[in-house]
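Please consult the sequence and the structure as shown here.

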Amino acid sequence: MSTPPAFPPAGLRKLLGTITRRTGLHYYTDKTDLLEDMVGVRMRLHGCRTCHDYLAMLADGARGDAEWRELESILTIGETFFFRYAEQFAALEHTILPALVRRARVTRHLRIWSIGCSNGAEPYSIAILLARLLADAGLETQAWHVEILGTDISTRALEQARQAEFSAWTLRDIDAARRAAWFVPVTPRLWRLHERYRRMVTFRYSNVLDMLRPDGGPAGPFDLILCRNVLIYFAQAQATALVHAMAARLAPQGWLLLGHSEPVTDFTPWLDTVRLPGTLAFRAPVPDAGRAAVPSRLSAVRRPPARMDTPPCLVVDDSVAVDSVPVANAIRRTADDGHVTRAMQMCRDHLARHPVDARIHFLFAVLAWGEGCLAQAEESFRRVIYLCRDHVMARCYLARLLEDAGARAEARRIRQQMVALVRRCAPEAVLPEGDGLTAGGLLRLISHMDDARPPSRARVPS
């Protein structure tokens, strides 16, 4: 029988400090007995007698990285189940997701992030609910570009999530009829999620603390972020910083759901608190606080602070902006209400009087694309670029349109121009017509894509 590892106070403090710095799991600072038990299993497995031995192994290059992944997997608590916390899923079903679907009717594009997704029950629950809401609204799920990202620090949990096989215990809140509709039985006690829901979700390893590092963590903006029962493991100062980082990754009027026992209570001025039956939700404020109109998918231009090194044409000229902002807001509201044809006619009427208004040309191009009028969309995107040579988002959309049409060489050339323009901006500069997307966020999105396609968050219609 092997001798149990030694945990002298000084060695334990050093080990705890190393783990806390890496993972942020402040949860174990007053639970050292639990930490000793969990780490002791790994130390015995590798024949480490002291904390110094184990710390040396954790610092040992690739071997250490692999052990960190295993250690992180056992330190995180992964118990969860489908549709956990009924009040929050009721808010998602009746308020949050329907609002997002209405706003995205033109672009048919949604981005959702489940932080600490564990075995995948949470993001898969969102996929099931969203697919049902789209079907109930008479909308084809296949015609929408829905990105649901699940991240976790536990590689074991992520592997289980990708398999999408769940025990009857994980499905305990789902009645037999819905279980039969959403899952396929593998054994009498094991069920596999239908492929149509599985393909809506992707999983990625991510330490939530990455958000606090420059260019770290998944790039926003997201329409909805769920971070439930994650922040309870962090010190309050870190949890507050993480909420701030999440708020910065939300699209204008995007939603954030937290757990009921998180250590953060004051969200001002990053988020607005929305009281819903049985729960609280949080929402990114309207970009321009003075505007009474509710922002839509095609958010109005946000002018970066004067100190930013931004190309002149990235900010619409005041003579145009003052005149066309109310018109643009009215067009967006009309489109969001489902009257796209009327919104396009409003664009035409305005452009008949103001033929060089690049903002309305851009709105018309996006609406035309959403309606399948590709020739009109291409012509209008090119007109925007002619009127405003440094318009990033017009090039982004046009490159995607041309690529879908098979004109790959020209699409590549336009995308290269777009990247060159973005690199001239300060990373925190908000891109006009980018729906809150920053220059740095756009570059991160491009770098994350294997085939160098333009960022999906650019709101390009499917």
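**Helices, cores and backbone geometry**

Leu100 is placed in helix H5 (residues 86-103), where helices (H or I, at least four residues) and strands (E, at least two) are DSSP runs, numbered from the N terminus. The model is predicted: local features need pLDDT of at least 70, side-chain atom pairs count only at pLDDT 80 or more, and totals for chains, interfaces and linings use all residues. Residues are numbered from 1 along each chain as its sequence is written, and side-chain values use heavy atoms, with hydrogens and water left out.

Reader: Is Leu100 buried or exposed, and what is its relative accessible area?

Author: Buried means under 20% relative accessible area, exposed over 50%, and partly exposed in between (1.4 Å probe, protein chains only). Leu100 belongs to helix H5. Leu100 counts as buried because its relative accessible area is 1%.

Reader: What distance separates the C-alpha atoms of Leu100 and Gly254?

Author: Leu100 and Gly254 are 154 residues apart along the chain. The separation of their C-alpha atoms in the model is 8.3 Å.

Reader: How many helices and strands does the protein have, and what share of its residues is buried?

Author: The protein has 17 helices and 10 strands. Of its 462 residues, the buried share is 54%.

Reader: What is the mean pLDDT, and over which residues is the pLDDT below 50?

Author: pLDDT is the predictor's confidence in each residue, from 0 to 100. The mean for the protein is 80, and 84% of its residues reach 70 or more. The pLDDT stays under 50 over residues 450-462. It is also below 50 over residues 289-322.

Reader: Which residues have the most contacts inside the largest nonpolar core?

Author: A nonpolar core is a set of buried Ala, Val, Leu, Ile, Met, Phe, Trp, Tyr and Cys residues joined through side-chain atoms within 4.5 Å. The largest such core has 48 residues. Those with the most contacts inside this core are Phe362, Leu367, Phe381, Val392, Tyr397 and Leu431.

Reader: Which helix gives the most residues to this core?

Author: The elements that give two or more residues to this core include helix H11 (318-336), helix H12 (340-353), helix H13 (358-370) and helix H14 (374-387). Helix H15 (392-404), helix H16 (408-423) and helix H17 (439-448) are also among them. With 10 residues, the one that gives the most is H13.

Reader: Which residues are in contact with Phe362, leaving aside its neighbours within four places in sequence?

Author: Contact means heavy atoms within 4.5 Å. With those neighbours left aside, the partners of Phe362 are Phe381, Val384, His391, Met393, Ala394, Tyr397 and Glu433.

Reader: With which side chain does the side chain of Glu403 make a polar contact?

Author: A polar contact is a pair of N or O atoms within 3.5 Å; within protein, one must be able to donate a hydrogen and the other to accept it, and residues adjacent in sequence count only if both atoms are side-chain atoms. Glu403 lies in helix H15 and counts as buried because its relative accessibility is 11%. At 3.4 Å, the partner of its side chain is the side chain of Arg415.

Reader: Why does the span of helix H10 agree with expectation?

Author: The expected span of a helix is 1.5 Å times one less than its number of residues. Helix H10 (residues 236-248) has 13 residues, so it should span 18 Å. The span agrees because the end C-alpha atoms of H10 are 18 Å apart.

Reader: Which strands are included in what covers the buried residues of H10?

Author: In H10, the buried residues are Ala239, Leu242, Val243, Ala245, Met246 and Ala247. Their cover includes strand E1 (109-115), strand E7 (222-227) and strand E8 (250-258).

Reader: How many residues of helix H6 are buried?

Author: Helix H6 (residues 121-136) has 16 residues and reaches 22 Å from its first C-alpha to its last, close to the 22 Å expected. H6 is mostly covered, and the number of its residues that are buried is 13.

Reader: What is the phi of Gln253?

Author: Most residues other than glycine have a negative phi, and most peptide bonds are trans. Gln253 lies in strand E8 and is buried because its relative accessibility is 10%. Although Gln253 is not a glycine, its phi is positive, at about 65 degrees.

Reader: What is the omega of the peptide bond from Gly220 to Pro221?

Author: Pro221 is found in the loop between strand E6 (201-205) and E7. The bond from Gly220 to Pro221 is cis, with omega near 0 degrees.
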